[in-house]
Amino acid sequence: MIKALGYFIEIIRGILITARHFVVNLFFHILKVLGIKTKRKGAVTIQYPEQKKEIVSRHRSLHRLMTRPDGKPRCVACMLCVTVCPSECIYVEAAEDPDPEIQKYPAKFIIDLGRCCFCGFCVEACPEDAIRMDTGNVHFAQYSQQDLIYDLDKLIG
Amino acid sequence: MTETLTEILIVFIKIVCALVWFLLLTLYLTWLERKESALIQDRLGANRAPIFGIRIIGLFQPFADAIKMIFKEDFVPSFSRKFLHTLAPFISFFFVAITIAAIPFGDILRIGNRTINLQILDFNVGLLFILAMLSLGIYGIIISGWSSNNRYTLTGGLRGAAQVISYEVALGLSLIGLIMVYPSLRLSSIVVYQGELLFGFLPKWGIFLQPLGFVIFLFAALAETKRVPFDLPEGESEIIGFFTEYSGLKWGLFMMTDFMEIIIISTLLTTLFFGGWQVPWLASDGFHFPWGGELLLPHVVIVLFQVAAFNIKVFFFCWLQILIRWTYPRFRYDQVMDLGWKLLVPLSLVNIIGTGIIMTI
Ligand code: SF4
Ligand code: SF4
């Protein structure tokens, strides 16, 4: 009986907490409508398309391929990223580079972003630091899957 | 001849007004539900759906929802019993929508020498009528669960049936004390009785005469609406419930039924326990304050006061029910039965006996 009474008190307290949130937030919303500036806001919502949250530097966004000083891709077509990719969405076709120091370069480098899960393993695996996911671009949704297949030009550009 | 025609016209206008009030409030309850839950959880809630770039805190959202629902595909699964499957949402909807007929919105309105009762039908058994119709509504749920021919909907329908037998008895018994105090089942006279004063200053509202009855009725009525603390038939986190196989407008009817039940329960709570359209100390010619003051008002103003008081009370209870829905987790199947049979029914019996003893003293 005493225990049940304890439950009852907690139930009442619960509804008082939600009611308090309602009243306090409503108060701050009304202040805002009246044009009174307050430090506290009625809601923590970020109104997405108009307001954007700042993307932190570690955020994994759209891939890019790094280039050497002469503008060619840094990638040596070692296929490590292709091997590690869990979504199997990277396709690299190697070609021979006349420079014996470099030996190989990617003739084709395709990432199918429609399959990519943005795990970042390719970035971790690359021995040449040739691929990075630090463009900060997260708005590349497309209407067709074809448009999500990024090739060398798009990835460097 | 013209006399009967005008009578019919008046009844017709009353029906239209009541239904418009009911449906608009239902639409905007969906808006209120979104906004209130957002405020409780420090969010903003739906604030888009602009019309010509104007989007006043999402007030057009209900219409956008309605349009979406109308244009959705009306899907009837091939394995369902088609006729019953189609019939079920209409049963649910109809039995809730018809209850508005017995709700008194205000006292009499006098235009010229004609008196209009601000109530569609002044039943002798108004209270029983509402209770009966609300209980019949559950058939829609059971039929939809059965006719969809799907295990989840069947579970939902069964749970609905189990819930009915746990709260319905308490719902009825909790009101017997009230009927003993205001010896009438006619809702309009119950409200008129509540205009009298207790000890010369306290309005004779049901909440002051029947506090225990109010608590029991509130619990049972919450179970009646089949929303979250008692949403066994739906159980959206596990079985989706009796309307799993519905889409488009038929699903919309079920959802509207939910919200309409909230409104009906609010109007019942208002009418039975919070004086209906009574404003404290407002008689039919103006305010008579217990400390001696008087403020006489014209008839139209008084009627407006009464209708406004009724609406404010109903809004408050709608707000309260949504607050409850967004605060508590769901009861388990057996817990609802425990609550109904082991707590609410004995308490309502105690209430009846207590009321009887106090009344004889
Ligand atoms: S982020 Fe992950 S899934 Fe995407 S390309 Fe790199 S390794 Fe593959
Ligand atoms: S791991 Fe780096 S160097 Fe190797 S193929 Fe991938 S991007 Fe090129």
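This is a predicted model: local features need pLDDT of at least 70, side-chain atom pairs count only at pLDDT 80 or more; totals for chains, interfaces and linings use all residues.

Which residues surround ligand 2? I found A:Cys75, A:Val76, A:Ala77, A:Cys78, A:Met79, A:Leu80 and A:Cys81, together with A:Phe109, A:Cys126 and A:Pro127. I then sorted this shell by class and got ten nonpolar residues, no polar ones and no charged ones. Cys counts as nonpolar in that sorting. I also checked where the ligand is placed, and ligand 2 sits in the largest cavity.

I picked A:Val76 from the shell of ligand 2 and traced where it belongs. A:Val76 lies in the loop that runs between strand S1 (64-65) and helix H2 (80-84) of chain A. Leaving aside residues up to four places away in sequence, I see A:Val76 touching A:Arg68, A:Ile102, A:Lys104 and A:Glu128. I also took one distance along the chain: A:Glu54 is 22 residues from A:Val76, and their C-alpha atoms are separated by 34 Å.

Entry 3, ligand 1. How many residues surround ligand 1? I get 14, and the closest are A:Cys85, A:Cys116, A:Cys119, A:Gly120 and A:Cys122. By class, the shell of ligand 1 holds eleven nonpolar residues and three polar ones, with no charged residues.

Next I followed the strands of chain A and found an open, antiparallel sheet of three, in the order S2-S3-S5. Strand S2 (90-96) and strand S5 (149-150) are at the edges with a single partner strand each, so one side of each has no neighbour in the sheet.

I counted the bridges next. S2(A) is joined to strand S3 (residues 104-112) by seven bridges, and S3(A) is joined to S5(A) by two. For anyone following along on screen, here are some pairs to find. A:Glu93 has A:Lys108 as its bridge partner in S3(A), and A:Ala94 has A:Pro106 there. On the S5(A) side, A:Ile111 stands opposite A:Tyr150.

I moved over to chain B and looked at strand S1 (residues 108-111) and strand S2 (residues 114-117), which run antiparallel and are joined by four bridges. B:Ile111 faces B:Arg114 of S2(B) across this pairing. Two residues lie between the strands of the hairpin, and B:Gly112 takes a positive phi near 65°.

Three bridges link strand S6 (residues 286-288) to S7(B). I marked B:Phe287, which stands opposite B:Leu295 in S7(B).

Where do the domain bounds fall in chain B? The domain assignment gives domain 1 as 1-71 and domain 2 as 80-360. I noted 23 residues from domain 1 and 33 residues from domain 2 in the contact between these domains of chain B. Their C-alpha centres lie 20 Å apart.

Methods. Residues are numbered from 1 along each chain as its sequence is written. Chains are lettered from A and ligands numbered from 1 in the order in which they are written. Side-chain values use heavy atoms; hydrogens and water are left out. Two strands pair if DSSP finds at least two bridges between them. A residue is near a molecule or strand if one of its heavy atoms lies within 4 Å of it. On a 1 Å grid over the protein atoms alone, a cavity is a set of points where a 1.4 Å probe fits but cannot get out, and a pocket is an open set with protein on both sides within 12 Å along at least five of seven lines; lining residues have an atom within 4 Å of a point. A molecule sits in a cavity or pocket if more than half of its atoms lie within 2 Å of its grid points. Domain bounds come from an automatic or database domain assignment. Contact means heavy atoms within 4.5 Å.
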